[in-house]
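Dear colleague,

I am passing on the model below, and would be grateful if you could look through it before we talk. My notes follow directly after it, arranged by element.

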Amino acid sequence: MTDTEHTGNEHAGRVAFVTGGGRGFGKAFGAALTRRGAHVVLADIDGDVAVAAAKELTALGGSATGVACDVADEAAVDAAIAEVADRHGGLDILVNNAGLHAAFNKPFAELGLPSVRRVFDVNVMGVVICSLAAREAMRGRPGASIVNISSSAAYANRTVYGVSKLAVRGLTVAFAREFAADGIRVNAIAPGLIFTDAVREQLPPAEAERVLGEQILHREGTEQDIVDALLYLVSPRSAFVTGETLRVTGGFALSV
């Protein structure tokens, strides 16, 4: 059974906050969680896109709202999560998905300090700000779970983007330790090359072939592979898992 075909109530009564939720992985995460009964708040720096995505999920039978929120803006994040907690009584799932990607996958000197600062504000401080803001709303909620989106680039860390995603792995361990007493598990997913429509449009064919050639599993990674990883990490099936980064890469650049 595919996720699209799956409906159920595994997350009935639960509330999820997904950053970068207006499109891509964030929207796919939201769709999967609504199909399982959760109310999902899609937070995106582009509020119109977030609202449109929430309306789309609602039209399909889910429960979702969209809000404008820049994860690097502490006041905006605090306000958004406070409103969710006030309206719904708390928060069960936080997905720190918002991030700056391909255009920032360059060496530090080439990218320049203003862009480097922006990458770390979003990719690193965004995780810190959202996690700290959500902690009180998640404290003591059964099965409370935070999932951060890292990247396989975190294991090479040759670029600004890669180093920012290495930092996400470190934050995952740090917050797992800090939040354990509150009953909140914290894990991360490190996707490999995932062949979304945007990747197909932007990635040079030679680069795609190179990555596929380094994978142990010789097939293209799909958005559903990452959605399935998220569903595992926010479910009771992973109740004894925290502080971990789950690599979903087809065995790309496997190391010990």
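**Strand 1 and the sheet**

Strand 1 is mostly covered, in that five of its five residues are buried, where buried means under 20% relative accessible area, exposed means over 50%, and partly exposed lies in between (1.4 Å probe, protein chains only). Please bear in mind that this is a predicted model, in which local features need pLDDT of at least 70 and side-chain atom pairs count only at pLDDT 80 or more, whereas totals for chains, interfaces and linings use all residues. Residues are numbered from 1 along each chain as its sequence is written, and side-chain values use heavy atoms, with hydrogens and water left out. Helices (H or I, at least four residues) and strands (E, at least two) are DSSP runs, numbered from the N terminus.

From strand 1, Val-15, Phe-17 and Thr-19 point one way and Ala-16 and Val-18 the other way, and all are buried. As a general point, the side chains of a regular strand alternate between the two faces of the sheet.

Strand 1 runs parallel to strand 2 and is joined to it by five bridges, with His-39 in strand 2 as the bridge partner of Val-15. Strand 1 is also joined to strand 4, by three bridges and again in parallel, and there Phe-17 stands opposite Leu-94. Strand 4 (residues 93-96) is covered on both faces, with Ile-93 and Val-95 on one side and Leu-94 and Asn-96 on the other, all of them buried. Four bridges then connect strand 4 with strand 5 (residues 145-149), which run parallel, and Ile-93 stands opposite Ser-145 in strand 5. Strand 6 (residues 185-191) pairs with strand 7 in the parallel sense over four bridges, and Ala-188 stands opposite Thr-245 in strand 7.

**Helices against the sheet**

Ala-75 is found in helix 3 and, at 54% relative accessibility, counts as exposed. The C-alpha atoms of Ala-75 and Ala-133 are separated by 9.6 Å, although the two are 58 residues apart along the chain.

**Helices against each other**

The axes of helix 1 (residues 24-35) and helix 2 come within 10 Å and cross at roughly 30°, which makes helix 1 roughly parallel to helix 2 (angles under 35 degrees count as roughly parallel, over 145 as roughly antiparallel, 65 to 115 as roughly perpendicular and the rest as oblique). In this contact, Lys-27, Gly-30, Ala-31 and Thr-34 in helix 1 meet Ala-53, Glu-56 and Leu-57 in helix 2, and the residues divide into three nonpolar, two polar and two charged. For these classes, Ala, Val, Leu, Ile, Met, Phe, Trp, Tyr, Cys and Pro count as nonpolar, Asp, Glu, Lys and Arg as charged, and the others, Gly among them, as polar.

Lys-27 counts as partly exposed, at 23% relative accessibility. Not counting residues up to four places away in sequence, Lys-27 touches Gly-20, Gly-21, Gly-22, Ala-53 and Glu-56. The C-alpha atoms of Lys-27 and Ala-43, 16 residues apart along the chain, are separated by 9.8 Å.

Helix 5 (residues 113-138) and helix 6 (residues 160-179) pack at an angle of about 15°, with their axes 9 Å apart, which makes helix 5 roughly parallel to helix 6. The residues in this contact include Val-116, Phe-120 and Arg-135 of helix 5 and Tyr-161, Leu-171 and Glu-178 of helix 6. By class, the contact of helix 5 with helix 6 has 15 nonpolar, three polar and three charged residues.

With best regards

Key: Two strands pair if DSSP finds at least two bridges between them. Axes are lines fitted to C-alpha atoms, for helices over the stretch in contact, and angles run from 0 to 180 degrees between N-to-C directions. Contact means heavy atoms within 4.5 Å.
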